[in-house]
Amino acid sequence: MFNSIDESGETVNLEIDVLTGRVLVDGKVAWTAGEPAPVPQSGRSVRYLDLTARLVIGEAEGKGVVTAVLFDEEEFPDSILTSRMVNRFAKKTGVLPDMENRPVAVARFPWGLIEFAVDPKQGDLSIMVQGASV
């Protein structure tokens, strides 16, 4: 596993396995939904869905340990479902999230969920992966 920020400053590839809820960094498991993070991680440069982002793994209030992918790019879509990240996720995985409201969409799985969000004022794109509530 890795500590907070990659010392080399390199951007590494991130994968989210929608079948198991595992988050992988360059093919190595960084976190699995429903399990504690081995070490809280913040600020790791990653590339996911052909977009650059920061990876954060840690405790979220009321949600347990989660993985957050905070994209560097901004976008102001009409709806979260028309955003680049949701369209690329759907194309890559075959899973189209359901819209919760204009800036938030959720894809539910037996192991937990993946939440997609865009801040309508800032244009910040993010994905949060969390295990099923116990």
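**Close-up views of a predicted model**

The structure holds 5 salt bridges. The model shown in every view is predicted.

**View 1. A salt bridge joins Glu 15 and Lys 92.** The side chains of these two residues meet with N and O 3.0 Å apart. Glu 15 belongs to strand β1 (residues 12-17) and Lys 92 to helix α1 (residues 84-93), so this pair ties together parts that are 77 residues apart in sequence. Glu 15 has a relative accessibility of 34% and counts as partly exposed. Lys 92, at 46%, also counts as partly exposed. As background, side chains of opposite charge can pair when their charged atoms come close.

**View 2. Glu 73 forms a salt bridge with Arg 84.** The closest N and O atoms of the pair are 3.0 Å apart. Glu 73 lies in strand β6 (residues 64-74) and Arg 84 in helix α1, so the bridge ties together parts that are 11 residues apart in sequence. Glu 73 is partly exposed, with 31% relative accessibility. Arg 84 is partly exposed as well, with a relative accessible area of 27%.

**View 3. Glu 100 and Arg 108 meet in a salt bridge.** The N to O distance between their side chains is 3.5 Å. How exposed are the two partners? Glu 100 is partly exposed, with a relative accessible area of 46%. Arg 108 has a relative accessible area of 59%, so Arg 108 counts as exposed. Elsewhere, salt bridges that share partners join Glu 73, Glu 75 and Arg 84 into one network.

**View 4. Strands β1 and β2 form a hairpin.** β1 and strand β2 (residues 22-25) pair in the antiparallel sense, over 4 bridges. Glu 15, seen in View 1 with Lys 92, has Leu 24 in β2 as its bridge partner. The hairpin has 4 residues between its strands. Gly 21, in the turn, has a positive phi of about 80°.

**View 5. Strands β2 and β3 form a hairpin.** β2 and strand β3 (residues 28-32) run antiparallel and are joined by 4 bridges. Arg 22 stands opposite Thr 32 in β3. In this hairpin 2 residues lie between the strands, and Asp 26 in the turn has a positive phi of about 50°.

**View 6. Phe 71 is among the residues with the most contacts inside the largest nonpolar core.** This core has 32 residues. Met 85, Ile 114, Phe 116 and Ile 127 are also among those with the most contacts inside it. Which strand gives the most to this core? Strand β5 (residues 51-60) does, with 4 residues. Leaving aside neighbours within four places in sequence, Phe 71 is in contact with Tyr 48, Leu 51, Thr 52, Ala 53, Met 85, Leu 125, Ser 126 and Ile 127. In soluble globular proteins, nonpolar side chains tend to be buried together.

**View 7. The rings of Phe 109 and Trp 111 are stacked.** A search of the whole structure finds 2 aromatic pairs. Why does the pair of Phe 109 and Trp 111 count as stacked? The ring centres are 5.0 Å apart and the planes lie at 5°, so the pair is stacked; the cut-off for stacking is an angle under 30 degrees. Phe 109 and Trp 111 are both buried.

Definitions and conventions: Residues numbered from 1 in each chain as written. Predicted model: local features only at pLDDT ≥ 70, side-chain atom pairs only at ≥ 80, totals over all residues. Heavy atoms only, no water. Phe/Tyr/Trp six-rings, centres within 6.5 Å; stacked < 30°, edge-to-face > 60°. Buried < 20%, exposed > 50% of the residue type's maximum accessible area, 1.4 Å probe, protein only. Core = buried A, V, L, I, M, F, W, Y, C linked by side-chain atoms within 4.5 Å. Contact = heavy atoms within 4.5 Å. Salt bridge = Lys/Arg side-chain N within 4 Å of Asp/Glu carboxyl O. Pairing = 2+ DSSP bridges.
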